[in-house]
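Biologist: Could you open the model so that we can go through it together? I would like to take the helices and then some individual residues.

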Amino acid sequence: MQRNRKGFSIIPNSVILDVNLSNNAKLLYIYIKSLSENFRTLRNSNLKQKLGISTNTLQNCKAELVKYGYLKIYRRK
């Protein structure tokens, strides 16, 4: 059963038009921004399942977003 989520996300044009980012990296960014800030502690397994991408693709997307300043990753200890 799929939840009906209401609301919207604001995505900067800089992300949409950035030729350095792959479409998968943009999709990852959009998915993360669609989540409440309280729920942005994400596991790779969940991201892969939600986006339908492989581990390598996910790692590449994260690396792109970090490289171009769209994402910061904090590791929990």
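**Working through the model**

Modeller: The backbone nitrogen of Asn20 lies 2.8 Å from a polar atom of the Asp18 side chain. Please keep in mind that this is a predicted model.

Biologist: Where is Asp18 placed?

Modeller: Asp18 sits in the loop between helix 1 and helix 2.

Biologist: Which side chain makes a polar contact of 2.8 Å with that of Asp18?

Modeller: That is Tyr70; the side chains of Asp18 and Tyr70 are joined by this 2.8 Å polar contact. If residues up to four places away in sequence are not counted, Asp18 touches Lys26 and Tyr70.

Biologist: And which side chain of opposite charge is nearest to Asp18?

Modeller: The nearest one belongs to Lys26, at 6.8 Å. Asp18 has no salt bridge, although Asp18 is buried.

Biologist: Let us turn to helix 2. What span should its 12 residues have?

Modeller: Helix 2 covers residues 23–34, and at 1.5 Å a residue it should span 16 Å. The end C-alpha atoms are 16 Å apart, which agrees.

Biologist: Which residues of helix 2 are buried?

Modeller: They are Ala25, Lys26, Leu28, Tyr29 and Ile32. Seen down the axis of helix 2, these buried residues fall within an arc of 160°, so they line one face of the helix.

Biologist: What do the buried residues of helix 2 pack against?

Modeller: They pack against helix 1 (13–17), helix 3 (44–51) and helix 4 (55–67).

Biologist: Take Ile32 in helix 2. Why does it count as buried?

Modeller: Ile32 counts as buried because its relative accessibility is 13%, and buried means under 20%.

Biologist: What does Ile32 touch, not counting residues up to four places away in sequence?

Modeller: Ile32 touches Arg40, Leu42 and Leu71. Ile32 and Leu71 are 39 residues apart along the chain, and their C-alpha atoms are separated by 9.6 Å.

Biologist: Next, helix 4. How many residues does it have?

Modeller: Helix 4 has 13 residues. From its first C-alpha to its last it reaches 18 Å, close to the 18 Å expected at 1.5 Å a residue.

Biologist: Which residues of helix 4 are buried?

Modeller: Leu58, Cys61, Lys62, Glu64 and Leu65 are the buried residues of helix 4. Viewed down the axis of helix 4, they fall within an arc of 160°, so they line one face of the helix. On the other side of helix 4, Asn56 and Lys67 are exposed.

Biologist: What covers the buried residues of helix 4?

Modeller: The cover includes helix 2 and helix 3.

Biologist: And what follows helix 4?

Modeller: Helix 4 is followed by Gly69, whose phi is positive, near 80°.

Biologist: How far apart are the C-alpha atoms of Lys6 and Ile73?

Modeller: They are separated by 27 Å, and the two residues are 67 residues apart along the chain.

Terms used
Residues numbered from 1 in each chain as written. Predicted model: local features only at pLDDT ≥ 70, side-chain atom pairs only at ≥ 80, totals over all residues. Heavy atoms only, no water. Helix = DSSP H or I, 4+ residues; strand = E, 2+ residues; numbered from the N terminus. Expected span 1.5 Å × (residues − 1). Buried < 20%, exposed > 50% of the residue type's maximum accessible area, 1.4 Å probe, protein only. Arc of directions from axis to C-beta. Contact = heavy atoms within 4.5 Å. Lys, Arg positive; Asp, Glu negative; His and termini not counted. Salt bridge = Lys/Arg side-chain N within 4 Å of Asp/Glu carboxyl O. Polar contact = N/O pair within 3.5 Å; in protein donor to acceptor, adjacent residues only side chain to side chain.
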